[in-house]
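Hello,

Here is the structure I promised to pass on.

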Amino acid sequence: MSMLEIKNYSKSYGEGKKAADNVSITVESGDIYGFIGHNGAGKSTTIRAVVGVLDFTEGEIYIDGHSVKTESMECKKITAYIPDNPDLYENLTGIQYLNFVADVFDIGAAEREEKIKKYADKFEITNSLGDLISSYSHGMKQKVAIISALIHDPKLLVLDEPFVGLDPKATFILKEIMHEMCDKGTAIFFSTHVLDVAEKLCNKVAIIKQGKIIASGTMEELTEGHSLEETFLETAENIQASKEDDNE
Amino acid sequence: MNKNILLLKTLLLSTSQANIYKHCNDKKKKGKITGGYIGVFCLYAMLMGYSFFMCMGYGKVGLIDSAPILCALTISALSFFFTVFKTNGYLFNFKEYDMLMSLPFEPKTVAACKFLYMYIKSLPWYLSISVAMLIGYSMFSDAGVIVYPIWIILSLFVPVIPMLFASFIGFLIAKFSSGFKKTKIVQTILTFAFVILCFTLRFITEKFFRDDKVDETLENISKTTASIGKIYFPARWFSDAIVDTKISSMLLLVGLSAVLFGVLFAIVGRSYRSINSAMKSHAAAKNYKMTTQKKKSLVKAIAFKEFKRFTGSTNYLVNGAMGEVLVTIIGFISLIFGFDKIIGTVAPSAPLTTQMMEPAIPFIIYFFLGMMATTACSPSLEGKNYWIVQSLPIEKKTLYKGKMLFNMYLTVPFMIFATICFCISAQASVTDLILYLILGFTLLCFSTAWGCVCGIKHMRLDWENDIEVIKQGTAVAIYLFPNMFVVMGLVVLSVALGTRMDHRILTVIMIFVSSVLAILSYMRVMSLCRKAS
């Protein structure tokens, strides 16, 4: 069952070049879908449109059959998003922020307590939850953002560069959590630069370059026995070479 | 819990200094928060004192029945004016937009909560005026007990309609600008244009209502407010509810506020995402070719960084450059229509001549240019980027010298232009012009250095939205209000003393005093820098 369907999505800023050009991706329940590309390739532009933050006119995006354009509330209720640089409320304590998100999703007291404790213990930040977020390191903020995303058992988890700033143990725990969620049927769509992680974690991958999807499919189909790094560089270079040929 | 209340509560908590105080272990930070609170309460007290004495004046001349409408109009005008400056920062393009919009909140809920947040944050200022005027009113009128709760309750609603109207203007500007590639530039120009239009309309309106010559100033103001009240119904409803205890007027004010609130946010909600998307997006040309680069001195490099920060934020630019824009326009107007016409428009009932007002020229100009010193908010505006200047080999004093240099670059050319314009139109002598230029310069030196003292002492880096430190920061408030009241006093003093002694001697004395103050403030900046290093 497809949990996320991006159909011919395009986005341009002003009259400039298209930041996303006719992007089409389908993420099924239980998929861990990696979205890889260079800096400025259009990953965040696509992700921000998926989670209902960025307005778009071209194409359609569906989450569990609901259109992001017309049924944004239904989509947001079953989605969780972790941005690359989480801008949390700095003057709230960690626990105040997590309670805010739990209130938004109407999570009962016992359930939120159990979940916050479970994940905060895993990420080893329980002792810091009473401190102001402004006193946290980038990694700690990222951990709070991750816990807030897991609090309501989302059907779709969207992560933008989730491993940036996390310590090795936290990275390992996050990967473990992603596997657990995937086993439960949650669809995970995330962007990353870390190709090793994507290779080990994802069952499907899409490569985006200059706003266009240049390759997508299951990991096996895409790599054909090579490493993801080799495939990524080769595919990206081939596209570049063919563009230069076209220009000549 | 209702989602609107939940979001509003969280927005308030997230910027609450009390919450920081409660959860912070840093004694120095706690001390700063306490100091900030004391400073702001002193400002509330000053505002209350000013409003109370204004009301007393009305009472003494037997015009106390005009006090409610004056109170409503003062609050309405202030709330409208300040909201125009703030609406862009509060409603649109705020830092946590991505986080909020990815949660299941309707766009109209986010916009409405942001508005209510802005309203609650400014309410203490309006209530200070209202409560002080209520005390004055109760002393001179035979108001019944019922008037007190009506006055207090309606005071909560009086700023709502002007704030909604200003927000709607801000929304229209943002929506129109979002259709352009250079969204921020268009938005800044339109905001400037709108504020200038408001100023122009204000003078035209006053001129229109003051055509009937009345000698008594207070009676004149009373008639003017009554005339404006005839047009601006909410102020009249407030007055009718107080003076005649009209329940229907009370219901009209409350009802209209609620209806307009609902309508506005239904409209704003529809375009909210597209406006914010446009504002948060940046078109990239990706066509840069490496060219010859220029080397700058460190202080100039910092000043240039400040310039880019200044022009990169609509909030900062509109609030920081408004005085410069207004003083330029007034300078042009004085050249075209003459200095006497400006005096006639600003103070039509006062028996003032060009000759009498001439010594006040530097202070009039300073009133506009010194209203906002970028040095007061610039230390706080470093925000999360503070690590850049902290980690670079820049001495604190060099950093603040760069910030002060930028403020001087920003203000001095406008001071020179306006002083020359005013002196030409007032037919001042060359000696006077030179003296006024020197006084203008020393006043700006003082405002720059004093702003920097306030900025360093009340630096706040953990803001959510730059408007919090530009418009509502403790540093800016502590710099702005005493400065504004003192300058108004200096205008009066220079006019009064100028008629009794040689105005050149007076200007020289003022140059000396402002130079001493500027030097002392500069020394204080250097001492704060040494402490911080």
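Which residue in E10(A) is the bridge partner of Ala206(A)? It is Ser216(A). Please keep in mind that this is a predicted model.

That pair belongs to two strands of chain A, E9 (residues 204-209) and E10, which run antiparallel and are joined by six bridges. They are part of an open sheet of six strands with mixed pairing, in the order E6-E7-E8-E3-E9-E10. Strands E6 (79-82) and E10 (212-218) of chain A each have a single partner strand, so one side of each has no neighbour in the sheet. On average, neighbouring strands here are turned by 15° against each other, direction ignored.

Two helices of chain A come up with this sheet. H1(A) lies across E3, E6, E7, E8 and E9 of chain A, at about 150° to E7(A). Helix H6 (residues 168-183) of chain A packs on the sheet and touches E3, E7 and E8, its direction making about 150° with that of E8(A).

Chain A also has an open sheet of four strands, ordered E2-E1-E4-E5 with antiparallel pairing. Its edges are E2 (18-28) and E5 (66-67) of chain A. Strand E1 (residues 2-12) of chain A pairs with E2(A) over seven bridges, and Helix H1 (residues 43-50) of chain A packs on this sheet, touching E1, E2 and E4.

Over in chain B, a nonpolar surface patch has about 890 Å² of accessible area together, with Ile505(B), Phe512(B) and Ile519(B) among its residues. Ile519(B) lies in helix H24 (residues 503-532) of chain B and is exposed, because its relative accessible area is 51%, and exposed means over 50%.

Best wishes

Definitions and conventions: Residues numbered from 1 in each chain as written. Chains lettered and ligands numbered in written order. Predicted model: local features only at pLDDT ≥ 70, side-chain atom pairs only at ≥ 80, totals over all residues. Heavy atoms only, no water. Pairing = 2+ DSSP bridges. Contact = heavy atoms within 4.5 Å. Axes fitted to C-alpha atoms, helices over the stretch in contact; angles between N-to-C directions. Patch = residues over 30% accessible without salt bridge, like charges linked within 9 Å, V, L, I, M, F, W, Y side chains within 5 Å. Areas by Shrake-Rupley, 256 points an atom, 1.4 Å probe, with all protein chains shown as cover. Salt bridge = Lys/Arg side-chain N within 4 Å of Asp/Glu carboxyl O. Buried < 20%, exposed > 50% of the residue type's maximum accessible area, 1.4 Å probe, protein only.
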